[in-house]
Amino acid sequence: MEAVESTAHRHAGSSRRRALVIGAGIAGLAAALRLHQHGWDVVVLERAPSRRSSGYLLNLHGPGYTAAERLGLVPALTRRDIGFFTSVLVHADGREKLRVPSEVTEAAVGTRALSLFRGDLESALYDAVADFADIRFGTTPQEIVQTPGEVVVTLGDGTRLQAELLVGADGVHSRVRELVFGSEPDYFVDLGHMVGAFPLRTPPERIPEGVGSTYIGPGRTAAVMNLGPQRSSTFFAYRCPDPGADLSLGAEPALTRAFGDLGGGIAEALQQIDPATVFFDSVGQIVMDRWSRDRVVLLGDAAWCVTVFAGYGAALALDGADRLGTTLAAHGDDILAALAAWESELRPEVHKRQALARKGIARFAPPSRFHVWAAEQALRAIQLPGIRTLVRRSIQRANN
Ligand SMILES: Cc1cc2nc3c(=O)[nH]c(=O)nc-3n(C[C@H](O)[C@H](O)[C@H](O)COP(=O)(O)OP(=O)(O)OC[C@H]3O[C@@H](n4cnc5c(N)ncnc54)[C@H](O)[C@@H]3O)c2cc1C
């Protein structure tokens, strides 16, 4: 009989349960951390050949910050926090329209917030798990077979790994979902937009340090942040009738076609696109009736991608992973009951964030000039102390 590598091979005689986590991203590493803390041995399989750094900028506040706190990550993340910066809204030709100083954003968002490069969040998680998790890069599952008591995963080189639980945390285009639940079109709800983001090798010359320059026009948003060397980055979102065609075209031509006419340092920033570091994808939510099938559970974007328009996917990945570990611990040996309880606890929050994301599309790709104008009035109003308090309260409400 072909040999099956038990994930507990390094701990012969141990009574610890074994979990396989697919994907060493935010959800996967957070799950590895929490599961280990609750007594599991964890093997993580990551398709990328090595760790990636940098990536795009993301914010953690509200429950995302609280989950990071519960996972013990806040001290490490605070060291990597980029902090608040001044936002300058520009006309298409780059002239300044209005300015929102960093103090105004800070007063609206509050102090329990972090701005991080995705890679820095991943690094903090990696550092927290590296000493105990068996993390294998350059590998992906080819087959997943379940019996009543275990899951067996076959890798590309024929290696077979056995575990009591498999966590599919391999992102919006999940291979685990495809192997166990069915093909992507069954679950992917296309929102008709594209998103791009990449770090800048050289800080943009036309934008002063400490400033993010943003253009918001009908159907599109572009932002270029000068936060100094190694910390400057870009963000692009636009309405797109045929995302498949733009994906085939590729990041550089598609983003240049959509934003190359813009001033204020945006067109220049596009010249720094590097295929190795650019993120470029269509925007779509994952909607599923169930996130687990027997001992295979999906987590993070693989299960419920809320999209960039929610600004909340990383927060949910951390929160979901934290709660998964805690719920499994509370249910002892009954893994299936734990997965059902975890899912019913988390679903209302995911549902709310997916709905907010669909509403939020208009902020990133306003349908008309009127919508652009109305958003600008709201930004101007935020600078008035009374309105700022109202905005802070509405952010707090969304976070509860
Ligand atoms: C531009 C942008 C800005 C965002 N801003 C925010 C924000 O401000 N706040 C926020 O909370 N969220 C934000 N998000 C969302 C957030 O980044 C995602 O929701 C989050 O990264 C999801 O984490 P994940 O671990 O589920 O998936 P991912 O981060 O996609 O990680 C999946 C991992 O699985 C690996 N993998 C993929 N396929 C396989 C395979 N077949 N086998 C093995 N491994 C595999 C990948 O290489 C990767 O390491 C933003 C997203 C974008 C695109």
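Which strands does helix H12 (residues 335-364) lie across? Helix H12 lies across E2, E3, E12, E18 and strand E19 (296-298), and runs at about 15° to E19. The model is predicted: local features need pLDDT of at least 70, side-chain atom pairs count only at pLDDT 80 or more, and totals for chains, interfaces and linings use all residues. Residues are numbered from 1 along each chain as its sequence is written, and side-chain values use heavy atoms, with hydrogens and water left out.

**Sheet and helices**

- Six strands form an open sheet with mixed pairing, in the order E8-E3-E2-E12-E19-E18.
- The edges are strand E8 (134-136) and strand E18 (292-293), each pairing on one side only.
- Helices (H or I, at least four residues) and strands (E, at least two) are DSSP runs, numbered from the N terminus.
- Two strands pair if DSSP finds at least two bridges between them.
- Strand E3 (residues 40-45) and E8 run parallel and are joined by three bridges.
- Val44 has Ile135 in E8 as its bridge partner.
- Helix H1 (residues 26-37) lies across strand E2 (17-22), E3, E8 and strand E12 (165-168). Helix H1 runs at about 165° to E3.
- Angles run from 0 to 180 degrees between N-to-C directions; axes are lines fitted to C-alpha atoms, for helices over the stretch in contact. Contact means heavy atoms within 4.5 Å.

**Two buried residues**

- Buried means under 20% relative accessible area, exposed over 50%, and partly exposed in between (1.4 Å probe, protein chains only).
- Arg353 sits in helix H12. Arg353 is buried, with a relative accessible area of 4%.
- Arg353 and Ser368 are 15 residues apart along the chain, and their C-alpha atoms are separated by 24 Å.
- Val43 belongs to strand E3 and is buried at 1% relative accessibility.
- Val43 and Leu161 are 118 residues apart along the chain, with 9.3 Å between their C-alpha atoms.

**Hairpin and loops**

- Strand E10 (residues 150-155) pairs with strand E11 (residues 160-163) in the antiparallel sense, over four bridges.
- Val151 stands opposite Ala163 in E11.
- Four residues lie between the strands of the E10 and E11 hairpin, where Gly158 takes a positive phi near 90°.
- Most residues other than glycine have a negative phi.
- Gln230 has a positive phi, near 70°. Its place is the loop between strand E15 (220-226) and strand E16 (233-239). Gln230 is exposed, at 68% relative accessibility.
- Asp294 also has a positive phi, near 50°. Asp294 is in the loop between E18 and E19 and is partly exposed, at 48% relative accessibility.

**Cavity**

- A search of the whole structure finds one cavity of 30 Å³ or more.
- A cavity is a set of points on a 1 Å grid over the protein atoms alone where a 1.4 Å probe fits but cannot get out; lining residues have an atom within 4 Å of a point.
- The largest cavity has a volume of about 90 Å³. Grid points are joined across faces, edges and corners, and a volume is the space filled by probe spheres set on the points.
- Its lining includes Ala24, Leu29, Glu46, Arg51, Arg52, Glu122, Tyr126 and Phe137.
- Helix H5 (residues 118-129) gives the largest share of that lining, four residues.
- By class, five lining residues are nonpolar, three polar and four charged.

Notes: 1 Å grid on protein atoms, 1.4 Å probe; cavity = no way out; pocket = protein on both sides within 12 Å on 5 of 7 lines; lining within 4 Å. Nonpolar A, V, L, I, M, F, W, Y, C, P; charged D, E, K, R; others polar.
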